[in-house]
Every structure is written in structure tokens, then in C-alpha cells.
Amino acid sequence: MAWPAAAQAPRFEDTMAQRMLACTACHGVQGRAAPDGYYPRLAGKPAGYLYNQLLHFRDGRRTYRLMTQMVDPLSDAYLLEIAEHFAAMDVPYPAPARVDATPQDLQRGEQLALRGDTARRLPACAACHGAALTGVQPATPGLLGLPRDYINAQLGAWRTGQRKAHAPDCMADIAQRLDIQDISAVSAWLSTQRLPANTHAVAPSATPLPLSCGSAQPPRAGGRP
């Protein structure tokens, strides 16, 4: 006997949104970020940045087994499609979380984020990530709206060489100049800031970057058809 129409399995829709359910299982609905603080937001980040990160996971510059297994069989073209899919999403950010930090920590974090520390040759985060810290096209991500735990983990991974990017790897250079207290301070300040009305990455500035940075350049194909 035939099953009633209502009991039939839903029809598979061959769309990018449905295929990306594998990503949103960890990164949250529409790529808005997971609540545990370790899976970052994907929605609205520059496509060039997302594409570079997918290549880094696939080609061994970033190490997280689940991500590597998911992207290992995928071509450059398909990884770019994934990046463009999430970059096109324009969804609200949640309110920033409260963090356990002293006023002195937050003051130090604000200094590093907005003004840097010339004595230690540390440029301001805003010098590369945009004055509003929302990112710069084509491949520099925003820093606001990220969980503190995620920021700590990524700066720590750069500091210890567990995360790498295209040479010259400016973030590895910067992270190695930061001490643990600086990392804690800047992550606390960044994670407590509200997003501006315009959360999109801005156009590149004519002002030269304070450091040579391979990641800020247009994305490079990984060489896989």
C-alpha cells in the first residue's frame, strides 16, 4: 500500500542553503555563531577571508580535524561558492556578552585595539581590521561580535604556531609580540563592544598597512580544480 502523501519524506532541495546545513550544525543557524564561544560567526564576513580560511583548513595551515575532513575533498571553486554564500548573509548580531575583566584590563585592551603599543611594535587592530573593526575587503575579517574564548584561542594558536596563514604571516608576528595578559585584555575589550549600525567590511584604504600581510591580499587559489 502506498504511504499517504503527508507521510512521505520531504523532497530534497539541491540548494546551497541545504548543503550548508553541515556547516550551521556547528556555526549556528545562518552561520550566526554557536553559543559555546568556540565556533565563530560566518555570516557577513568578507568572502575572501572565508575562502582563505577554507583553503587553510584544507591545505594544513589551520588544524581542526572536523573542518579538515569536511573540506578535504572539495575543489577551489566549490570552496569559493561556500565563502560567497555565507558572505552574502546579512543577519543581526547578538548583544555582546559580559566578561570577567578589570577596568585596567579593558583599558589596556582598548589601547591595543585602537591605538596599539609603539614601544612593543604592536600596531592597533584598527589599523588593519578597519577603524570600526568591522573588517576590510577583500580578505580582512571584522573583530567585533566574536566570543572572547574564540579570540583567545586564535591568538594563542598564532602565538604557538598552530595557526598559520599566507606569508608574510603578520598575525603570527603580532601574536608572538603579545604576552598572555595582552591577549586576555584585548579579547575582553573586543568581545564587549557593540556593533556599529553598519556592520559590513569597508573598502580598502589608501593608507599602507603597518605590516606586510599576506592574508590581506586578494585570495589565492589553492590549486585544486
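Visitor: Where is the place of Asp117?
Guide: Asp117 sits in the loop between helix H6 (103-114) and helix H7 (125-129). Helices (H or I, at least four residues) are DSSP runs, numbered from the N terminus.

Visitor: And how are residues counted, and what sort of model is this?
Guide: Residues are numbered from 1 along each chain as its sequence is written, and the model is predicted, so local features need pLDDT of at least 70 and side-chain atom pairs count only at pLDDT 80 or more, while totals for chains, interfaces and linings use all residues. Side-chain values use heavy atoms, with hydrogens and water left out.

Visitor: Back to Asp117. Buried or exposed?
Guide: Asp117 is buried, with a relative accessible area of 11%. Buried means under 20% relative accessible area, exposed over 50%, partly exposed in between (1.4 Å probe, protein chains only).

Visitor: What does the side chain of Asp117 reach?
Guide: The backbone nitrogen of Ala119, at 3.2 Å. The side chains of Asp117 and Arg108 are also joined by a polar contact of 3.0 Å. A polar contact is a pair of N or O atoms within 3.5 Å; within protein, one must be able to donate a hydrogen and the other to accept it, and residues adjacent in sequence count only if both atoms are side-chain atoms.

Visitor: Which residues is Asp117 in contact with, leaving aside neighbours within four places in sequence?
Guide: Arg108, Gln111, Leu112 and Leu122. Contact means heavy atoms within 4.5 Å.

Visitor: New topic. How many disulfides does the structure hold?
Guide: The structure holds 1 disulfide. Cys170 is joined to Cys213, S to S 1.9 Å. The cut-off for a disulfide is a pair of cysteine sulfur atoms within 2.5 Å.

Visitor: Which parts does the pair tie together?
Guide: Cys170 lies in helix H9 (residues 170-177) and Cys213 in the segment after helix H10 (180-191), so the pair ties together parts that are 43 residues apart in sequence. Both Cys170 and Cys213 are buried.

Visitor: What about Cys26?
Guide: Cys26 is in no disulfide; the nearest cysteine sulfur, that of Cys23, is 8.8 Å away. Cys26 is partly exposed, at 24% relative accessible area.

Visitor: And how far is the sulfur of Cys128 from the closest cysteine sulfur?
Guide: That distance is 6.0 Å, to Cys170, which is too far for a bond. Cys128 is buried, with a relative accessible area of 17%.

Note on methods:
Helix = DSSP H or I, 4+ residues; strand = E, 2+ residues; numbered from the N terminus.
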